[in-house]
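Please look over the sequence and the coordinates below before reading on. The report then works through them topic by topic.

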Amino acid sequence: MKIWHILTREILHRWRGFASGIFAVVIAVGSLTGALTLLKLHDLQTQKILNEKEEETEKKMAVLKDEMRKATLKLMFNLLILPKQQDIRDLHMKGYPSEYMPEEYVTRLANSGIIVVRHFLPSLQQRIKWPEKNRTITLIGTRGEVPNLHKDPRKPLVQPVLPGTIVLGYGLHYSLGLHTGDKVKLLGREFTVHKCHEERGSKDDYTAWIHLSQAQELLDKQGLINAILALECICEGVEDLLEKVREEIRRILPETQVIEMGTKAIARAEARAKVGQEAELAVERERRHRTQMRSEREFFAAVLVPLVIVACAVWIGLLAFNNVRDRKVEIGIQRAIGFRAGQIMFLFLSKFLIMGLLGGFLGIFAGLGLGRWLAIVLEDDMEGIATAGELFNPGLFLLCLITAPMLAVISGWLPTIFAIRQDPADVLREE
Amino acid sequence: MVEFKNVTKIFNGPKGKVTALDKVSLSVQPGEFLAVCGPSGCGKTTLLLAAGGLMRPSNGQVNLDGSDPYGMSPEMRSKMRARMIGFVFQQFHLIPYLTVRQNILAPSLALPTKEADQRARELISRFGLDDRAGHVPAQISTGQRQRTALARALLNKPKIILADEPTGNLDERNANIVLGYLSQYVAEGGCALLVTHDTRTAAHSTRSLKMSQGRLLE
């Protein structure tokens, strides 16, 4: 017979106490591995959420970028070419230019070979009194776009106003009860209403457009214009485009100045950047939220797990004391027949070692299950986040298989010392 | 074999000091079966435990085979007990989860020998326990339990058997069987020190002493 026989027979004989001890170790190890598994799943879930958010942001940004490209491609930059002597403050205050330049400038530009502008729209603008209707309006004479002869011919962006026709802003046609096809007199000349604009919420609502030549006649400004709209300036880069265009136009028309009209492109670029920043902020907010959540869980685990481990250690200690008490006579007789203290110690500590090994082994898997279950309860979408195999950590497994028996042996150490120190004579005399 | 020289054992009880052994002197030699008879509480068990190296006397000297067990380290004392002494108790004190055979073999863990298994088989056969060898103590009769305890005591071929009321829980037939085995062991060259309150047991001994209030009376 070997001492192992006594050990195994005793374990089988008092299996309830032994099972209870294993259960205590399972709880201790399970709480530790459960907490670590939960934190690991939290990290994986965080990574998944952030990846999804980043992917979503990237997609959103790609769509915005594409929209921006299309938008800027369509809008490009609109610039206003004015006579050099035009006071810009005066322009902004009055709402229209007050200085004039030859209409021939448009033709010169169109024939110049300028490459950054597609279309030119000459106009003559003036604030006038509409005597027939007793209104003050902005009258704009335009002849339609002059294409850049050196660029690919494109469909005109603005339809020309035909001679003898008038286009009315919303505020004018609505208040005057005018409709398309109506006849109306302006400065003594009759015009047919060609188009009535929708409400724009700008000075356009109180503007009337007629053909440039008729406007020149009515305003007595033959051969003159006071603005050229340069449309579809090629938008390769937002930053220094304006300066490039200015330089080129200044070279061709030294008696002019150029101001920017098309701010939409910049606004959209800024909007896009802002959306991008917002998306990044959203990702950052989510990251902070998840980090905070992790800290809370970490704190909870840091408090709870040691408490559980200590409670389990006390539990094992009490079970061990109970075991020693039950085996008092047995130990006494073993000492009487010559068992050495080391052999008694071996019998007890081996039992705790086996208890720790079995408990540790089972506790790891219990902890994996517990952590996974908790994660499913606490997190929203854990589908396919990690399989049990992926969660299994060999290092942790090894650590638990070492520390769990240590925990059990340490917990049972005092009762074991108590067992080997008890005087067999006292026990046998009492019995 | 066992020699007591003016051995005194005093306990500190709740009501003051109690003298369990009062200047006891005796000697038990091989081939001798000494029965010490006395009422409960007269110090019989204390005498037996002191003889077995389990209870250090307050005064006096105990010699076992010429050595003072209390002058040895606990480890050496354990070895000496395993080698020289066999204990038999009134309550049998068998290990409840070991079979009869394993209980008999238990002392071999303290003093491993190659012939332990053979010796256990012989003892099982000799004590009529063959059909109970695989049973645990709860499954056998009291007489069989005491025979198992005696077989366990004899496994390592001890020089002395120390028996504390070995027949106290047995009927007359089983008591006679156990005492017969003890007599046989003594006849084979062993020696036995038996303490009992039953004076009939003394009939099987080669010598008997009476004990009262910790003192031996001739």
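Predicted model: local features only at pLDDT ≥ 70, side-chain atom pairs only at ≥ 80, totals over all residues.

Chain A has 431 residues, of which 34% count as buried, and its secondary structure consists of 13 helices and 12 strands. Among the contacts in chain A with a separation of 6 or more, 84% are accounted for by residues 24 or more positions apart.

Chain B has 218 residues, and 50% of these count as buried. Its secondary structure consists of 7 helices and 9 strands, and residues 24 or more positions apart account for 72% of the contacts in chain B with a separation of 6 or more.

## Where chain A touches chain B

Between the chains, 22 residues of chain A are in contact with 28 residues of chain B. On the side of chain A that touches chain B, at least two residues each are supplied by α1, α9 (328–336), α10 and α13 (424–430) of chain A. The largest share of that side comes from α1(A), which gives 6 residues. By residue class, the side of chain A that touches chain B divides into 12 nonpolar, 4 polar and 6 charged residues.

## Packing of α1(A) against α10(A)

Two packed helices are described by the angle between their axes and the distance between the axes. For helix α1 (residues 3–13) and helix α10 (residues 341–378), both of chain A, the angle is about 45 degrees and the axes are 10 Å apart. The crossing in which α1(A) passes α10(A) is right-handed.

From α1(A), the residues that take part are Ile3(A), Ile6(A), Leu7(A) and Ile11(A), and they meet Gln343(A), Phe346(A), Leu347(A), Ser350(A) and Lys351(A) in α10(A). The residues of this contact of α1(A) with α10(A) comprise 6 nonpolar, 2 polar and 1 charged.

In soluble globular proteins, nonpolar side chains tend to be buried together. The largest nonpolar core in this model holds 113 residues, and the members that touch the most other members are Val25(A), Ala28(A), Ile160(B), Leu182(B), Ala192(B) and Leu193(B). Helix α2 (residues 15–75) of chain A gives the most to this core, with 13 residues.

Leaving aside residues up to four places away in sequence, Ile160(B) touches Met1(B), Val2(B), Val28(B), Met84(B), Ile85(B), Gly190(B), Cys191(B), Ala192(B) and Leu193(B).

Although Leu187(A) is not a glycine, it has a positive phi of about 50 degrees. Leu187(A) is placed in the loop between β7 (183–186) and β8 (189–196) of chain A, and it counts as partly exposed because it has 17 C-beta neighbours inside 10 Å.

Asn6(B), which is not a glycine, also has a positive phi of about 50 degrees. The place of Asn6(B) is in strand β1 (residues 2–13) of chain B, and with 13 C-beta neighbours inside 10 Å, Asn6(B) counts as partly exposed.

Notes:
Residues numbered from 1 in each chain as written. Chains lettered and ligands numbered in written order. Axes fitted to C-alpha atoms, helices over the stretch in contact; angles between N-to-C directions. Helix = DSSP H or I, 4+ residues; strand = E, 2+ residues; numbered from the N terminus. Left-handed = near helix turned anticlockwise from the far one by under 90°. Contact = placed C-beta atoms within 7 Å. Nonpolar A, V, L, I, M, F, W, Y, C, P; charged D, E, K, R; others polar. Buried ≥ 20, exposed ≤ 12 C-beta atoms within 10 Å, placed from the backbone. Core = buried A, V, L, I, M, F, W, Y, C linked by C-beta atoms within 7 Å.
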